[in-house]
Amino acid sequence: MSQVIAVVGPMAAGKNYITSQLEKEGWACVDADILVHQAIELVKDKILAKFIPFAQSQNIKLTKEDGSIDRKALGRLLFAFPELLQIQESLVYPIIIQEIKEFIATNPKAVINATVLYKTKELLAYCDKIIYVSAPFLKRLARARRRDKLSIFQILRRFHAQRHLLKEYQKVFPAEKIEIIKN
């Protein structure tokens with residue numbers, strides 16, 4: 001039987017740092033963001049078929065020169081048309097859920113590094129504990145600017161979208177199994 005910990009929290013709070021510390025303690029870690037990027041490429045044709053009319057209306061080009069999805073452009077589109085996020089999730093989440101289930105099955109001490117794991121109740125059911133990572137606003141802002149090279153406006157929109165993240169986890173996971181770490 002595997003032990004499973006989810007490391008969750010908002011953008012630039014320090015989830016990767018906490019995950020790296022758990023890896024040093026012998027935990028196997030999977031990064032849901034990386035899986036999302038891979039899944040988007042797997043369903044690229046379906047995403048493009050549904051999203052190109054919206055992208056054209058915003059003068060957004062969704063593909064790079066090599067034909068891969070431009071994730072920054074996709075992000076701009078999803079913030080312009082939030083209803084598209086559900087479509088994207090319906091395409092990529094089944095792939096991610098399967099990948100993480102296989103990861104858990106092959107690792108007795110597994111960590112899932114994710115932001116919105118609460119949206120996949122099927123995966124939350126595997127978790128023994130959630131570590132919710134938070135950090136002060138200005139520290140997160142500086143980290144996000146340095147790491148992601150996004151505009152302040154784009155970062156603030158993401159921060160705003162994630163402002164109730166802890167409450168979402170508290171709705172769907174037992175409070176006594178949520179540990180909050182301030183990073």
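Reader: Is T120 buried or exposed, and at what relative accessibility?

Author: This is a predicted model, where local features need pLDDT of at least 70, side-chain atom pairs count only at pLDDT 80 or more, and totals for chains, interfaces and linings use all residues. Residues are numbered from 1 along each chain as its sequence is written, and side-chain values use heavy atoms, with hydrogens and water left out. Buried means under 20% relative accessible area, exposed over 50%, and partly exposed in between (1.4 Å probe, protein chains only). T120 therefore counts as buried, at 9%.

Reader: Where is T120 found, and which residues is T120 in contact with, leaving aside neighbours within four places in sequence?

Author: T120 is in the loop between β3 and α6 (121-124); helices (H or I, at least four residues) and strands (E, at least two) are DSSP runs, numbered from the N terminus. Contact means heavy atoms within 4.5 Å. Leaving aside neighbours within four places in sequence, T120's contacts are Y93 and I97.

Reader: Which residues touch the most other members of the largest nonpolar core?

Author: A nonpolar core is a set of buried Ala, Val, Leu, Ile, Met, Phe, Trp, Tyr and Cys residues joined through side-chain atoms within 4.5 Å. The largest one has 46 residues, and its largest share, nine residues, comes from helix α5 (residues 83-106). Those touching the most other members are L62, I112, L117 and Y169.

Reader: Why is strand β1 largely enclosed by the rest of the structure?

Author: β1 covers residues 3-8. It pairs in the parallel sense with strand β3 (residues 109-113) over five bridges, and four bridges join it, also parallel, to strand β4 (residues 129-134); strands pair if DSSP finds at least two bridges between them. β1 is largely enclosed because, of its six residues, those buried number five.

Reader: Which residues make the nonpolar surface patch, and is L156 buried or partly exposed?

Author: Patches are made of residues with over 30% relative accessible area and no salt bridge, with like charges joined within 9 Å and nonpolar side chains (Val, Leu, Ile, Met, Phe, Trp, Tyr) within 5 Å; a salt bridge is a side-chain nitrogen of Lys or Arg within 4 Å of a carboxyl oxygen of Asp or Glu. The patch, about 370 Å², is made by F137, L138, I152 and L156. L156, in helix α8, has a relative accessible area of 36%, so it is partly exposed.

Technical notes
Accessible areas come from the Shrake-Rupley method with a 1.4 Å probe; for residues, only the protein chains shown count as cover.
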